[in-house]
Structures are given as structure tokens and as C-alpha cells.
Amino acid sequence: MSDAGIPCLWMRGGTSKGAYFLATDLPAEPDRRDALLLSLMGSPDPRQIDGIGGADPLTSKVAILSPSTRDDADVDYLFLQVFVDRPLVSDAQACGNILAGVGPAAIERGLVKPAGDETEVRIHMLNTGEVAVARVQTPGGRVTYDGSTEIAGVPGSHAAVPLLFMNIAGSMCGALLPTGNVVDLIDGVQVTLIDNGMPCVIMRATDFGLSGEETRDELEANSEFKTRVESIRLQAGPMLNLGDVGKASVPKMTLVSAPTKGGAISTRSLIPHSVHASIGVLAAVTVATATRLEGGPAAALAISPPDGRYVIEHPTGLTEVFLEIAEDGSIRGAGTVRTARKLFDGNVFPN
């Protein structure tokens with residue numbers, strides 16, 4: 001760090017935006033690092049008016065990159081959620097959307113050398129200990145963000161960034177179903193407590209007197225609904241082996257309902273208290289997995305695709321993920337296609 005500011009790539013990854021830093025440009029001590037990030041983002045403040053955050057959980061995110069500490073990866077990636085209205089920085093989860101920008105950022109910052117027209121970047125996700133593989137378009141040895149791929153929630157088209165996740169079941173909770181049950185009962189509501197890359201609590205919208213097609217604003221205004229969901233979340237934390245989640249951004253609370261737009265299932269998610277404009281990549285993978293659990297809240301509502309490609313409906317459109325199914329019916333891997341774009345490369349200044 002210096003008076004000249006801190007080198008920063010501000011990027012859109014999937015349906016999120018965040019600041020991408022090299023670990024060497026930030027304090028090594030977590031407390032000092034988090035205090036700096038709160039200052040840079042402008043938290044706590046609902047508008048984040050004195051920082052670069054976008055006054056929304058989806059635009060108040062950080063990726064910290066460094067050379068990989070393991071032989072089977074090229075880069076280490078730590079994701080941090082910077083809360084908007086609280087002085088809190090959380091590493092309790094991964095982020096599959098911000099992950100979409102990690103491969104391009106690693107090449108931009110010289111951590112990975114381009115290899116032909118497409119460069120494979122193996123990413124060690126420090127939050128979960130898993131490795132994801134991103135394929136980045138690098139014609140002429142440079143990252144390109146131009147392309148024809150469209151994703152819901154992002155205007156226009158951009159270069160595709162395919163992502164593949166392997167062995168992510170129980171990535172944060174130790175098991176796909178930490179309680180060993182497809183269905184648990186919390187506050188009289190049937191839930192599936194599941195982690196296939198993202199700890200989620202899957203619940204039927206109808207159990208809250210909802211259709212599941214409510215808008216984000218309608219759910220935000222429903223204080224009774226949000227109070228009930230938070231009560232379930234706090235009880236689900238220890239059951240998911242996450243401990244006290246009062247100050248954590250996980251688990252993701254996800255309502256499911258029958259699809260209405262040609263997808264496999266419809267969702268409404270909270271992260272953890274604000275209603276998500278879309279759905280995170282790893283949450284979408286976990287929801288798709290839940291649809292395969294007979295007797296669970298999601299299974300009876302879902303229309304399962306024959307080819308393993310699941311279209312998950314959410315408030316702003318559709319997110320497609322695919323599940324790689326083993327012969328015994330277990331899920332061997334999962335993937336999705338995201339896009340990313342570099343928004344600025346420069347220095348950012350703390351208060």
C-alpha cells in the first residue's frame with residue numbers, strides 16, 4: 001500500500017460485481033485487511049456513498065488472488081462478502097459469480113500465462129478447499145471479454161467463461177446432507193438442509209403462504225415472512241455444522257415452487273436477509289441437486305431434464321447449470337457457463 005492507492009481490478013463476474021486484489025497488495029492480518037475493505041467499499045452505509053460498493057450485496061464483494069499453494073491449481077482465490085449496512089466482512093461462503101472473473105483477473109495480473117486462444121485456469125477456492133476449472137478466451141495471448149454468450153441478469157452478450165466444479169458435495173458442511181435427512185422440520189416447515197457447493201435451506205414457498213412468483217420488492221416488504229425465514233436460518237446453522245450463523249451470510253434461504261418459464265424449478269433466495277435479484281451459481285447447483293432427492297420439498301415441484309442441464313428460474317430470469325451424474329446416480333461434478341467483464345483497472349483509496 002502507498003499514498004498512490006491500492007491496485008484494484010473492478011470487475012463484473014456473472015451477475016455480481018466486485019473488487020479483485022492481489023493478496024500482496026493488502027494487509028496479511030485479517031482484522032487490518034477487513035477494516036481496509038470496509039473503508040474501500042464504504043461500509044457500513046446503506047448507500048456506500050463514501051466507497052466503491054454498489055449499495056447491494058451483489059455489488060459489495062471482494063476477490064483476493066495469489067499464486068496457488070497446491071500443485072493441482074494455478075491460483076488461490078479467497079472470496080469475501082463485504083456487508084453493506086454492517087461493519088462485517090465474511091469469508092463463510094464461496095461465490096460462483098465472482099469466481100467467473102477470477103480466471104480473467106489472474107491472467108490480467110500475470111498470475112497465469114495465456115495458452116493459445118483459450119486458457120484453462122485451475123482455481124483453488126480457499127473458502128471451501130475445492131478446485132474449479134475456468135476456461136478463459138485469450139485470442140492472441142490477451143483476455144477478451146467480447147462474445148455472443150448471454151446470461152440472465154446481465155445486459156448484452158460477452159465471452160463465455162465455462163466453469164466446472166468437482167467434488168463439491170459437503171464443501172462447507174462436511175456432507176451433502178449434514179443431518180443425514182432429506183427432510184428436517186424447523187418451526188413446522190419441511191426443509192432440506194443441503195450443501196453441494198453452497199449451504200442452502202430449501203423450503204416450499206407454499207409453506208409460507210406464497211406462490212413463489214412474488215417479486216423481489218414484494219418479498220422485501222413482507223416482514224412476517226422475513227422474520228419466519230430468519231428464525232429457521234438461525235436454527236439451521238448448527239444443524240448444517242455451521243455453528244452460530246447470526247452474523248454469517250450462510251446458509252442461503254431458498255424458496256422453491258413449480259417452474260413457470262420452461263425451467264426445472266423456480267426459486268426465490270435470501271442472502272441472508274436481502275432478497276436475491278437472481279441466484280448464485282453454487283446455490284443454483286445445490287438447488288438442482290435438491291430436485292433429485294425424492295421426498296424433499298424440491299423434488300415433487302421440479303421438472304427434471306433428461307440431459308442433466310438444469311434451468312433454474314429466479315426473479316430476473318434463468319440460470320443454467322449442469323450436473324454430471326455417475327452410474328450409481330450420485331453427482332460427480334457440476335458446472336455452468338458465466339461471463340465476466342473488466343470495468344476498470346486502477347488504484348482505489350481508503351478513507
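What percentage of the 351 residues in the protein do buried residues make up? In this predicted model, buried residues account for 56% of the 351 residues.

## Overall form

The protein contains six helices and 16 strands. Along its principal axes, the C-alpha trace spans about 55 × 45 × 35 Å. For 351 residues, a compact globule would have a radius of gyration near 20 Å; the protein has 19 Å, which agrees with that expectation.

Among contacts between residues at least 6 apart in sequence, 63% join residues that are at least 24 apart.

The accessible surface comes to about 14,000 Å², and 49% of this area belongs to carbon and sulfur atoms. The protein carries 28 positive and 41 negative side chains. The centres of these two sets lie 3 Å apart.

## The interior

In soluble globular proteins, nonpolar side chains tend to be buried together. The largest nonpolar core of this protein has 60 residues. Those with the most contacts inside this core are Tyr77, Leu99, Ile123, Phe165 and Ile312. The largest share of the core, eight residues, comes from helix α6, which covers residues 281-290. A second, separate core has 20 residues, including Leu219, Val229, Leu240 and Leu255.

Which residues does Leu99 touch, not counting those up to four places away in sequence? The residues are Tyr77, Ile123, Met125, Ala132, Leu163 and Phe165. Of these, Tyr77, Ile123 and Phe165 are also named among the residues with the most contacts inside the largest core.

Among the buried residues of α6 are Val281, Leu282, Val285 and Val287. Thr286 and Thr289 of α6 are buried as well.

| Pair | Apart in sequence | C-alpha to C-alpha distance |
|---|---|---|
| Ala152 and Thr319 | 167 residues | 6.5 Å |
| Thr206 and Ser257 | 51 residues | 7.7 Å |
| Leu301 and Ala258 | 43 residues | 4.8 Å |

One residue of each pair is considered here together with its surroundings. Ala152 lies in the loop between β7 (130-137) and β8 (160-166). Is Ala152 buried or exposed? Ala152 counts as buried because its relative accessibility is 18%, and the cut-off for buried is under 20%. Leaving aside residues up to four places away in sequence, Ala152 touches Thr15, His314, Thr316, Gly317 and Leu318.

Thr206 lies in the loop between β11 (199-204) and α4 (216-220). Its relative accessible area is 55%, and Thr206 is therefore exposed, since exposed means over 50%.

Leu301 is located in the loop between α6 and β14 (309-314). With a relative accessible area of 24%, Leu301 is partly exposed, because this value falls between the two cut-offs of 20% and 50%. Leu301 touches Arg204, Val256, Ser257, Ala258, Pro259, Ala264 and Ile265, again not counting residues up to four places away in sequence.

## Backbone features in loops

Two cis peptide bonds may be noted in the backbone. One joins Ser43 and Pro44, with omega at about 0°. Pro44 is found in the loop between α1 (30-41) and β3 (61-67). Another joins Ile271 and Pro272, with omega at about -15°. Pro272 has its place in the loop between β13 (265-270) and α6.

Positive phi angles also occur in residues other than glycine. Asp187 has a positive phi of about 55° although it is not a glycine. Asp187 lies in the loop between β9 (184-186) and β10 (189-195), and its relative accessible area of 45% makes Asp187 partly exposed. Asn241, likewise not a glycine, has a positive phi of about 65°. Asn241 belongs to the loop between α5 (223-239) and β12 (252-257).

Conventions. Residues numbered from 1 in each chain as written. Predicted model: local features only at pLDDT ≥ 70, side-chain atom pairs only at ≥ 80, totals over all residues. Heavy atoms only, no water. Helix = DSSP H or I, 4+ residues; strand = E, 2+ residues; numbered from the N terminus. Rg over C-alpha atoms; globule rule 2.2 N^0.38 Å. Buried < 20%, exposed > 50% of the residue type's maximum accessible area, 1.4 Å probe, protein only. Contact = heavy atoms within 4.5 Å. Areas by Shrake-Rupley, 256 points an atom, 1.4 Å probe, with all protein chains shown as cover. Lys, Arg positive; Asp, Glu negative; His and termini not counted. Charge placed at Lys NZ, Arg CZ, Asp CG, Glu CD. Core = buried A, V, L, I, M, F, W, Y, C linked by side-chain atoms within 4.5 Å.
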